[in-house]
Amino acid sequence: MGEIVFIALAVGTTVGAGVVAFSKNIVYSAFALLLSFFCVAGLYVFLAADFVAATQVIVYIGGILVLILFGVMLTEKIEKVNISNQALKPFRAWILLIVSGGILIAAIVKTNWITKAPLPPTPTTGELGNAFLTRYLLPFEIASVLLLVALIGAIIAGRKEVRRK
Amino acid sequence: MANVESLRYFLPELLLTALVLAVFLVDLGLKRKKVPIATLMVVGLLVSLYAVLKTPGAEGVTLFLGMVSLDPFSVFFKVIFIVTAVLVTLFSMESDEVEEKNFGEYMGFIAATTLGAVLLASSNHMLMAFLTLELVSVPCYVLAGYISRSRRSSEASLKYVIFGAASSGLMVYGISLLFGVTGSLSFEGIRDALSAGNPGEIIVLISLIFILAGLGYKIAVFPFHMWCPDVYEGAPTPITAFLSVGPKAAGFAVLVRMLHVAFSSSDGAAAYLTDISSVDWPFLVAIISAATMTIGNLLAINQSNIKRLLAYSSIAHAGYLLMGVVALSQLGTQALLFYFVVYLLMNLGAFLVVLNFRSQTRSEQIGDYTGLAWRSPIGAFVAVSMAIFLFSLTGIPPFGGFIGKVYLFASIIQGERFIWLAIVAIANSVISLYYYARIIKVMFLRGIDAEDLGGFVSSPTTITLLTILAVGTAVSGIFWGPIARWVSHSASLFFG
Amino acid sequence: MLAASKYAPVVLLFVIALAIPVLMIGIATIVGPRRLGVKKKVPFECGTEPIGDTRKRFSVRFFLVALLFIVFDVEAVFIFPWAVLFRQLGLFGFIEMAVFLFILILGLVYVWKKGALEWE
């Protein structure tokens, strides 16, 4: 049962990502991203990372996907955008994809990964809170500076667009 | 060291954080911003520079449970970043490319980048390295697109963001693969796991390539250099100067620390490190180094925009600097650090001339530099300074760049393994002479009767800064002893 | 097994959530009569005549609001684990979180003062 669900989630992630990359319609791409994000959340559940799964749903699906859809909707005639980059060569891209993908898959299969027995699905939120405030205190506080800069950067970039209109 | 005890050693970073917050806050309350905010920046940066130099425990301690380490190596780079930020603040005062009403955030982003760079240079943990790499990148994305209503500047910012996001993604993937085989994220932990057992060299190599993609983008080496000319051309000139020194040095700092701590083991012989887990990364980096300097120099030849030319020149310099990483010896790291001191002086100096010229003539075309030396006495002074910077960038004695290159070549030749890289580098220096000399030729040998082009003036600040940078470039090529002693102290950490 | 036991209610929720639209559309297709006409093909807009094109551009301000939302969203994610452990972490944890929040509240003050929250 677990295996089947896992495979379904993995297929969902990959198919979603494939549609994102190959769809001609950018709105379809955005909704395929939804599928991909959602299945990734499911994979986190399999790794007994319940808080990360919830974060995935809240931030990626609730936030970033909505942002992408806004981005699509406020771009004029997005379905008719001409790709100006002449370097776009599908054939070479396929060769690169197959070679690099093949090497990566072969390496992943051959490697002795450090594995652990699956954890019982206990809530991890508290442990994370503890880790934030002890072991990872410095990255936690630095993250607040990064968020501040991102916030102000978003205002600066966004306001300029408004002014130009 | 535990979290609370670490705070005592963390004063410079705390001061920089306070500076970031203070600049954003002061910006809210002011109408006329330029002078007060630049003053605040310079004072804040100098105070944290003082704190960097006075902080105890500079003999090597790890802080915050192994997240960052405080040692002569990180102190060296902290000094480089803060000095760069001070100079760029002064450059920004001289530039008219940033509107006064947006000046506060602009300075705040420079302060935030500096904070990120300071932390990146001392990162001792993959999580910390990634987070601070983002803290260096995010403000730079905004800064690159800071000229409002300029398509070129917006394009620069967009290209920078997209390249940056893709390479960060690769880097995180590489880190996760490495974590999967070593079970550790701290640099020492990764080294211990790699030297204890052989977890499969292919996967270590792949993860290293991905991590190099993230860092290689930051330092603009082949094949992650494509963003560089467009961003350097589109960004405001002070920011171009900043990007070519500050974030680049930060990327090199973490690259050296990561490769020397996580991917090398001490071999008994004090001055050398050997790479471990049978992954031959020095060879990989040597190839990147050769390709980077060759591509940078070849593409620089045909540039007509001086900012693009200096962008390609800075790509080529990243290639030279990588030689110090390839050498994997104390001399190599010393050479790298020495070159950064000189590079800071000559590259910022060259960009200051570009900035000054732009504010006078609204032009960035090399052709418009015709007869600069004959237009006015100040024009002659600026042209002579530019010639010093360009000769030094080429590596011609008696300027600092020459000594820096000698050190880099010596470290490669001493290592014996990559003699071919030294030959490639010498050939590249010859190529670079061609395009640097072209600018000098245009400034001095053309348009000797150029007085009808109008006078050329510079502000007293520009003249002072140019004098300091030019004298520094020249003096570091004659009396390099003090710098050599300082860098030798800073580089000793990874060896023996 | 691990997923099935603990997450059975969540899975059940998804099944129900998927079943409702599938059933509604399915039943309507099977049971409902199919009479196509000119009126049926007109875009439906709450009973009034449709005005303008549906593919209209959104104001860029929505984008800014969404951007701000994501930043605050991520902040909330950071705060949540701390809130769960609030009583155990004590004063030190409170101070650590106060520093984190201070920096971010500064961002909020900045956004507010700059007028980015106003629609104007």
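In what order do the elements of chain A run from the N terminus on? I read them off as α-α-α-α-α-α, and the count for chain A comes to 6 helices and 0 strands. Helices here are DSSP runs of H or I with at least four residues, strands are runs of E with at least two, and both are numbered from the N terminus.

Before going further I noted that this is a predicted model, in which local features need pLDDT of at least 70 and side-chain atom pairs count only at pLDDT 80 or more, while totals for chains, interfaces and linings use all residues. I also noted that residues are numbered from 1 along each chain as its sequence is written, and that chains are lettered from A and ligands numbered from 1 in the order in which they are written.

**Entry: chain A as a whole**

I looked up burial, where a residue is buried if 20 or more other C-beta atoms lie within 10 Å of its own, exposed if 12 or fewer, and partly exposed in between, with C-beta atoms placed from the backbone. Of the 165 residues of chain A, 25% count as buried. Two residues are in contact if their C-beta atoms, placed from the backbone, lie within 7 Å. Among the contacts of chain A between residues at least 6 apart in sequence, I found that 52% join residues at least 24 apart.

**Entry: where the chains touch**

I then turned to chains C and A, where 42 residues of chain C are in contact with 45 residues of chain A. On the chain C side, α1 (2-31), α3 (60-84) and α4 (86-113) each supply at least two residues, and α3(C) gives the most, with 20 residues. By class, this side of chain C has 33 nonpolar, 2 polar and 7 charged residues; Ala, Val, Leu, Ile, Met, Phe, Trp, Tyr, Cys and Pro count as nonpolar, Asp, Glu, Lys and Arg as charged, and the others, Gly among them, as polar.

The contact of chain C with chain B takes 4 residues from chain C and 4 residues from chain B. The side of chain C that touches chain B divides into 3 nonpolar, no polar and 1 charged residues.

**Entry: helix α15 of chain B**

Just after α15(B), B:G395 takes a positive phi of about 100°. In the loop between α15 and α16 of chain B I found B:P398, which a cis peptide bond joins to B:P397, with omega about 5°.

**Entry: α16 and α17 of chain B**

How do these two helices lie to each other, roughly parallel or roughly antiparallel? The axes of α16(B) and α17(B) come within 8 Å and cross at roughly 155°; axes are lines fitted to C-alpha atoms, for helices over the stretch in contact, and angles run from 0 to 180 degrees between N-to-C directions. The two helices are therefore roughly antiparallel, since angles under 35 degrees count as roughly parallel, over 145 as roughly antiparallel, 65 to 115 as roughly perpendicular and the rest as oblique. The contact is made by B:K405, B:F409, B:I412 and B:I413 of α16(B) and B:I419, B:L421, B:A422, B:A425 and B:S429 of α17(B). I sorted these residues into 7 nonpolar, 1 polar and 1 charged.

**Entry: the backbone of two loops**

In the loop between α9 and α10 of chain B I looked up B:A220, whose phi is near 60°, a positive value in a residue other than glycine. With 29 C-beta neighbours inside 10 Å, B:A220 counts as buried. The loop between α9 (201-219) and α10 (227-234) also holds B:P223, and the peptide bond from B:F222 to B:P223 is cis, with omega near -5°.
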